[in-house]
Structure formats: C-alpha cells, structure tokens
Amino acid sequence: MAVMTAPIQTERVKKSRLSTVDFSNLGFGTYISDHMVVADYKNGEWQEPKIVPYAEMMMSPAILALHYGQSVFEGMKAFKNKNGQITIFRPQRHHQRFNRSLERMCMPAVSEELFINSLASLIEVDESWIPTADGSSLYIRPFMFANESRLGVKISDEYRFVILTCPVAPYFSKPVRIKVEEEYVRAAEGGTGYAKCAGNYGGAFYPTMLAQKQGFDQVFWTDAKEHKYIEESGAMNVMFVLNGKLVTPKLVSSLLDGVTRDSILTLTSSLGIETEQRRISVTELEEGLKSGTLTEAFGVGTAAVVSPIASISIQERNYQLPVAGPESFQLRAKKKLNDIRMGTEPDVHGWNYIVK
Ligand SMILES: Cc1ncc(COP(=O)(O)O)c(C=O)c1O
C-alpha cells in the first residue's frame, strides 16, 4: 500500500548521532534515533505535529500522567525490504488499538492521519537509522501521556503525543524459560488488560522479577479469577501446537489483541494447520507436556517476533520442549512473516505500508 504524506514542520539535528551506534550490538531500545514527533492536545483539539531533534523535555512534576497513570503506548516496526522500499508493518491496526487503549484511559483519540502521517514522515527523516541485518528493524514507539499540571485526581484536559524510534535486534536471543504464574495477576476481566497502558507493565514487573530470580525469563499469566487458564506472557501472546493443531487463548478483556497474533492466525490457512482460539487450562497444558501431544510452544509479538519456548514450569515441575526444527510450525510461520515484510513473498493482505 503506497501513500502520500502531508509535510510536517521539521527541525533537523545539527549533527547526527548515527556514527555512535554499534550496529553489531544493538540490543533492544538502547539507541534512540535523531528525531521525534511531538504533538500537543490543548483546548479540546490537536495542535499541528512537529518533527524535532530527540531531546529531553521540560515538564512540571505535577503532570497528571505521573500521578494517576494516564499513559498509553504502541510498538511497531519499520523495515528496509529487499526491493529497497521502506515499509511499516500494519500501522493501521496499531492505530486502531492505540485508540482503543486511549478510550479505556479516558484520553482523546488520535486520527489515522495524525498517527500515520507523523510516523511515515519521521521514518523518512531517520531512514538511515533502519538497520538491515537479518532479524533487525526500526522499532517505533508512539505514546501519549496526560500533561496537565494539577494534583487533584481528575481526567487530564491536556496531552502530549510523541513518537520515538530505535534500531533493534531481536528481543530474545535464545529460547525462553517460562514459569506459569499462579499467585500474581497481570489483568482481570473488566480491567485494562486489553489496553496498552503503562500501568499494566509496571504492575507486571514485580512477579516477573521474582520469576527471573528463580531462573526463568518470563511468566505465563493466568486468569485472575481462578488461575486456571493461560492468558499471555510478558509482551507476547502465546501459541501452542497441540495434537497437531495451532491453539491460542481466545481474546478476552484481560488480554492484549496482538497484531502478530492476528497476522499468524491469518497465515495459518496457507501454512496448512487447523486453528483453535479457546480457553487453555493449565491442566490441559500439563497433560500435553507429559504425553508429548504438545509439540510446540512459542510467544508472538512485535518485539519478540516468534520466540520459541524452551521449558514451562508448573508448580515447580519443569517440562522441556523439543527444539523447534525447520519443519516446525513456528519456524515456518516466522519465515513467512519475515518474507512478507522483506518483500520476497507477495503481500496479499496489504500489511506493508510503503513509506518510500
Ligand atoms: C502484553 C502484551 N501482549 C501481547 C503483545 C503482542 O502484541 P503485538 O503483536 O501487537 O506486538 C504485546 C506487545 O505489544 C504486549 O505488550
């Protein structure tokens, strides 16, 4: 899909920081690109966005986001594909989720024009920051926070929308060790789990840190009511190959509707596997691990892409999963997704938004 972008007022850096980037050791989120988008919401309307040099921002310590948590973000990726095009993966779908998150947090919507034009213009300005090594990409972080200064508990009347980008390598460098979390909760039905709001992540840190101290990388969150059903993991949705079918937890209000999850589910028919979106109990998972009918487990997300799971621990019983070979569903799905993004496989679903 090609687009025209309206010009955005741009102030360029005097000297780029690109030469300070170690592209052989990018990590995730270490280097922030030269420019950022900033747009303010005041007096009930959005002001014109601007592209400015990435820099610190002056802010009152009384801004409402810091006290009451009105802060929402998105995460997506841009690529330089094999045909020399610069593309963003499914920005419209990320924009729709951004607005769902904003609505849940009583924050004003951002128009598709503001979201996508700003993104595309920023990526064009910082196009030299897009890494080209296999598996790397330019991560894009649009976010919005309440910046009215006032200490009373209230919905803010003022907001700031910002977009940062950073060149990244894959998030997990090796298969992930999982603990099924049956004490702490990430989100409850009716809460904010389906929104990408900052507090969901802050609240997840403590149980995840405890699991990491026990030698795990991540937890599988279970439902808040009974700790009986698997929900998701860290910044990933989870998928299993169970009895030869691709099974993934169905979406409920405590779960994030992942763009990668949706993309992989869409690709399943061409990958020749039946799918089930349904509740998966911890008991069913454990039986599958014991009997060997659960042959694959993996996480899917923008940052994690497709991340194999090495082991799953349930109430201190640790189960190893077979190493995923080239014929595994997860590696075939990962390759197909990558080929679509890189332009070596036709983009029949119109997922690549062509910036240039
Ligand atoms: C909690 C959570 N679940 C799932 C995902 C995967 O979503 P997506 O594929 O849109 O990145 C993310 C990442 O955004 C996340 O933060």
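This is a predicted model: local features need pLDDT of at least 70, side-chain atom pairs count only at pLDDT 80 or more; totals for chains, interfaces and linings use all residues.
The largest nonpolar core comprises 49 residues. Ile-88 and Phe-161 have the most contacts inside it. Helix H3 (residues 112-125) gives the most to this core, contributing eight residues. Beyond its neighbours within four places in sequence, Ile-88 contacts residues including Leu-119, Ala-120, Ile-123, Ile-140 and Trp-351. A second, separate core has 20 residues, among them Ile-230, Val-247, Leu-289 and Leu-294.

The model contains 22 salt bridges. One of them joins Asp-262 and Arg-90, with the closest N and O atoms 2.8 Å apart. This pair links distant parts of the chain, 172 residues apart. Asp-262 lies in helix H5 (residues 259-271), and Arg-90 in the loop between strand E7 (86-89) and helix H2 (91-104). Asp-262 is buried at 19% relative accessibility, and Arg-90 is buried at 11%.

Arg-278 and Glu-284 also form a salt bridge, with a closest N to O distance of 2.8 Å. Arg-278 is partly exposed at 24%, as is Glu-284 at 23%. Elsewhere, salt bridges with shared partners join Arg-90, Arg-93, Arg-100, Asp-257 and Asp-262 into one network.

The side chains of Arg-17 and Asp-34 meet in a further salt bridge (3.8 Å, N to O). Both residues lie in the loop between strand E1 (9-10) and strand E2 (35-42), so the pair ties together parts 17 residues apart in sequence. Arg-17 is partly exposed at 31%, whereas Asp-34 is buried at 4%.

On the surface, Tyr-68, Leu-151 and Val-153 form a nonpolar patch with about 330 Å² of accessible area together. Val-153 sits in the loop between strands E8 (137-146) and E9 (159-168). Val-153 is exposed, with a relative accessible area of 71%.

Technical notes
Residues are numbered from 1 along each chain as its sequence is written. Side-chain values use heavy atoms; hydrogens and water are left out. Patches are made of residues with over 30% relative accessible area and no salt bridge: like charges are joined within 9 Å, nonpolar side chains (Val, Leu, Ile, Met, Phe, Trp, Tyr) within 5 Å. Accessible areas come from the Shrake-Rupley method with a 1.4 Å probe; for residues, only the protein chains shown count as cover. A salt bridge is a side-chain nitrogen of Lys or Arg within 4 Å of a carboxyl oxygen of Asp or Glu. Helices (H or I, at least four residues) and strands (E, at least two) are DSSP runs, numbered from the N terminus. Buried means under 20% relative accessible area, exposed over 50%, partly exposed in between (1.4 Å probe, protein chains only). A nonpolar core is a set of buried Ala, Val, Leu, Ile, Met, Phe, Trp, Tyr and Cys residues joined through side-chain atoms within 4.5 Å. Contact means heavy atoms within 4.5 Å.
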